[in-house]
Amino acid sequence: MSFLKASLAWIEERTGAMAFIAPLLFHHVPRNAKWWYVFGSATLMFFTIQIVTGVCLATVYAPSAAQAWESLNYIDNEVPMGWMLRALHGWSSNAMVVMMAIHMLQVFLHASYKYPRELNWITGVFLLLTVLALAFTGQVMRWDQDAYWGLGIGAAIADRIPVFGDQVRAMLLGGPIIGGETLNRFYALHVFVLPGAAIALVGLHMVLIIKNGISEMPKPGAVVVPSTYRKEFEERMHTDGVPFMPDAAQRDMVFCGVCLIGLFALAAISGPIGPGGMPDPTLINTNPRPDYPFMWLFGAVSLLPPASETAIMLIAPAIGVLLLLAIPFFSNSGERAPSKRPAMVLLAVVTVMAIAALTWEGTTSPWSPVMDGWSSLPTPAKFTRGRTPLEMQGAVVFQYAQCRNCHALDGQGGRRGPELDAVATRLSYDQLVRQVQQGGGNMPAYGKNLDSAQTAAVVAFLATLHPSNEPDSMIPGAQLPIPTGSAAAH
Amino acid sequence: MNSRLLLASLITWLAGCDRPGVPHGAQPVAHDSLAWTQSAFNTNCRGCHSQGAEGAALPLMNANYWAVATDAVVIEAIAHGQGRSMPAYLDDEGGPFTPAQIVSLVQGMRSLWGAKGSATGGEGGAISPRVIAGDAGAGAAVFSQACAGCHGPQGSAGSVIDPMYLRLISDQGLWSATIYGRSDLGMPSWSQTMPNRPTGLTAQEVADVVSFISSHRGIAQKASDGP
Amino acid sequence: MSDDVKKSCGCGDCGCGTAAGRLPQSAPRRGFMVKLGAGLLGVGGLLTAIPIVGYIVGPATKRFSNVWVELGSVALFPAGQTRFATFLNPIRQPTDGDSAKTACWVRCIDTAKYQVFAINCAHLGCPVRWFAQSKLFMCPCHGGVYYQDGSRAAGPPPRGLFEYKWKVEGGKLLIDAGRLPGLEESV
């Protein structure tokens, strides 16, 4: 025992390690800083998992466009525990983004960014950007079809930058196409630049936490006055604070432990994320989708009005980041309690709901045609019974002409256009003919693409689509033949 | 000791293969396997050719169909399509399948849904407008006796001599409709009892009635049938 | 260790940061050395930065010209039809692997009259698919739809499909391809 003590003393005398670490471990934190304050630690824990599993994966992963996909399959199927390492890395990445978002939300709701912690917030915003960049570059590492076309989306957005679009795109891709140099560029970012930046920013974030202390739980009336705050805070910590170790750290440890076990279970049950289809751009039967952290952006870009889309795509992210950075400068004193800051709480709630709604939209993608709907989703039996040969042929045309890709019948099919189960109660025969031939309301005009017999048949079928207890909106005698002139001369 | 046992079992569990998370190595599905047939059918055919009343065109998940259809007829229909209601699936014509895949698909469908022992399909499948010439005049009489009750201009099942309908269906399509019927929708096949024809139609009668129906198309079949 | 050296420790109260401190060099000379050092480091840093920055932004400054690529015999593209075609990108690196493969849609309007469309949707670059039955191109990402002549039919695309220049030589169809299609190649 005394030998151990002597050894420690020997090291301490030469390094001063304990003198450095002790204040970090035993600095006083607010007594009331209970379970609200565990999310930052959990984020850091997931980051540590990312570093460790990332280094492990780098020992087998081949960062080359020609081999990356095969090497991932090799890790999944051949390397002992390889699949679990990939599962841990993938799910921990998602968990880290989620935990970071919760941490940020808590800090925002409690206004912990006010004096003197403005820079804590700002380093946090840069950490957010770094982690999102890690998530995006990580998706590229998978080098499957989603990665390839995800890069294509990134390239197309860069291409829209005025004047320098082409140059920015070339910088991003490392050349004129998505290829070998693209993967290596993103690899360098993913394993060197961004983790380095994240480690540096985490260090800075921690230094600021030690320097400024952890904020107390907000109390209505306990306003932040910059001129006196620091002195009063330090006095309160001195008299009423508790040492970080173990009073606060024990909660961090419990929460992180639960998170870690949860991550393990998630990874073991769900398995590795991807890789999806092989990255051959001539295999076009693919439905490219981004990873979850970017699903809300994917949703947003399909809902933007085309006219202002470019401007919004290029400017909105920059404005968003600037606003985040500016928050502690707009309000760095005064009340911190959420009950005294209803507008800020509302802003947070609206933002969370908007991101959740866009994520849902992106996941379900109602705007995307169901590409094989026409050939894979049968006409429901209830719409084929008691139909005339012409109407039945119309049902065939409805499938044949890919109507089903955008229109559902009995809940199955695309949701880009309206479900047509009861279309005959909404549109008259003439209106159906006009809608099919001229399109409109985001539907292509089928006038040149269907001949008159096809149009007549499909409209005859559509005219039967109404509940049996509800009359259709057909005007008696209005079922005139489709004009055969121009349309027949296909 | 207990904890060591726990660790050992955990590692065994992790290294094992029958858990949900473990990826099963990519196993390419050979195009002559029934799994491939089922998935190719589900993606490419099922939208129109399903089972029972589901699907607007002839149900293929149906032993009755395979009892009659020959492989050659089905292969040709898949490869080259049917007028303006069924696309060509042959790669040379812009479709997704190689000739070998189409053959596998047809053989696979027959073993999935055909009755045991119907290796090649029945007599009716082989008859087609190319084999037996029909006579529209004789067909008119057959039609008025056997078909018009349901399919005449005032028939309850809807007219089959509507020119718009006829412009969308080829003669081969009319043959198929007459021969296979749609038992799921109440239409008998050619060999089943129909009005005035207790034992169904003969091959020649099918040819005649198709000629008769076809004569109502009004414009040349080629013009509307496309390539 | 002598006292003098021990005190030059940057602790702030030993006088080493002021000219009054007892130092081995005279003040003017030290000032000159600092300036010289900063200057040399600056020049060296700039020199080193030139290749580094040049290396990183290289792809943006290098011009890649498209090359005529053969898509195959004109017999592969029957009149009145739109067919899928693939080619190996003429601008490629050994490490590209499959990603150097490129796809496009060839529409033969009539004998010796073609339109060759890039596979990439004009909205955000996803691969569009041709549906011969409805004569439409559809995009799986955000639902962009185009008519057979490549013009926009529905959805978010701001313009029609990108087109390659084409020519027929010796019974073969060639297109001017290479760079990832984008706004610079607008047709």
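User: Where does Asn442(A) lie?

Analyst: Asn442(A) sits in the loop between α18 (429–438) and α19 (452–462) of chain A. Helices are DSSP runs of H or I with at least four residues, strands are runs of E with at least two, and both are numbered from the N terminus. This is a predicted model: local features need pLDDT of at least 70, side-chain atom pairs count only at pLDDT 80 or more, and totals for chains, interfaces and linings use all residues. Residues are numbered from 1 along each chain as its sequence is written, chains are lettered from A and ligands numbered from 1 in the order in which they are written, and side-chain values use heavy atoms, with hydrogens and water left out.

User: Why is Asn442(A) called partly exposed?

Analyst: Its relative accessibility is 43%. Buried means under 20% relative accessible area, exposed means over 50%, and partly exposed is in between (1.4 Å probe, protein chains only). The value 43% falls in between, so Asn442(A) counts as partly exposed. Asn442(A) also has a positive phi of about 70°, although it is not a glycine.

User: What is the phi of Trp143(A), and is Trp143(A) buried or exposed?

Analyst: Phi of Trp143(A) is near 45°, a positive value in a residue other than glycine. Trp143(A) lies in the loop between α6 (118–141) and α7 (145–159) of chain A. Its relative accessibility is 0%. That is under the cut-off for buried, so Trp143(A) counts as buried.

User: What makes α7(A) mostly covered?

Analyst: Of its 15 residues, 12 are buried. Among them are Tyr148(A), Trp149(A), Leu151(A) and Ile153(A). The cover includes α6, α8 (165–173), α9 (180–212) and α12 of chain A.

User: How do you know that the span of α7(A) is close to the expected one?

Analyst: From first C-alpha to last, α7(A) reaches 20 Å. The expected span is 1.5 Å times one less than the number of residues.

User: Why is α8(A) called oblique to α2(C)?

Analyst: Two packed helices are described by the angle between their axes and the distance between the axes. Here α8(A) and helix α2 (residues 27–61) of chain C pack at about 130°, with their axes 7 Å apart. Angles under 35 degrees count as roughly parallel, over 145 as roughly antiparallel, 65 to 115 as roughly perpendicular, and the rest as oblique. The angle of about 130° belongs to the rest, so α8(A) is oblique to α2(C). The axes are lines fitted to C-alpha atoms, for helices over the stretch in contact, and angles run from 0 to 180 degrees between N-to-C directions.

User: Which residues make the contact between α8(A) and α2(C)?

Analyst: Gln167(A), Ala170(A) and Met171(A) come from α8(A), while Ile56(C), Val57(C), Pro59(C) and Ala60(C) come from α2(C). Contact means heavy atoms within 4.5 Å.

User: What makes Ser112(A) buried?

Analyst: Its relative accessibility is 9%. That is under the buried cut-off, so Ser112(A) counts as buried. Ser112(A) is found in the loop between α5 (82–109) and α6 of chain A. Leaving aside neighbours within four places in sequence, Ser112(A) is in contact with Val107(A), Arg117(A), Ser215(A) and Arg336(A).

User: Why is Arg31(A) called partly exposed?

Analyst: The relative accessible area of Arg31(A) is 48%. Arg31(A) is found in the loop between β1 (28–29) and α3 (39–58) of chain A.

User: Which residues does Arg31(A) touch?

Analyst: Not counting residues up to four places away in sequence, Arg31(A) touches Asp240(A), Gly241(A) and Val242(A). Arg31(A) and Gly241(A) are 210 residues apart along the chain, yet their C-alpha atoms are separated by 5.3 Å.

User: Which peptide bond joins Met245(A) and Pro246(A)?

Analyst: A cis peptide bond, with omega about 10°. Pro246(A) lies in helix α11 (residues 244–270) of chain A. The peptide bond from Gly274(A) to Pro275(A) is cis too, with omega near -5°. Pro275(A) lies in the loop between α11 and α12 (295–303) of chain A.

User: How many helices and strands are there in chain A?

Analyst: Chain A has 20 helices and 2 strands. Of its 490 residues, 50% count as buried. Chain B has 11 helices and 0 strands, and buried residues make up 47% of its 227 residues.
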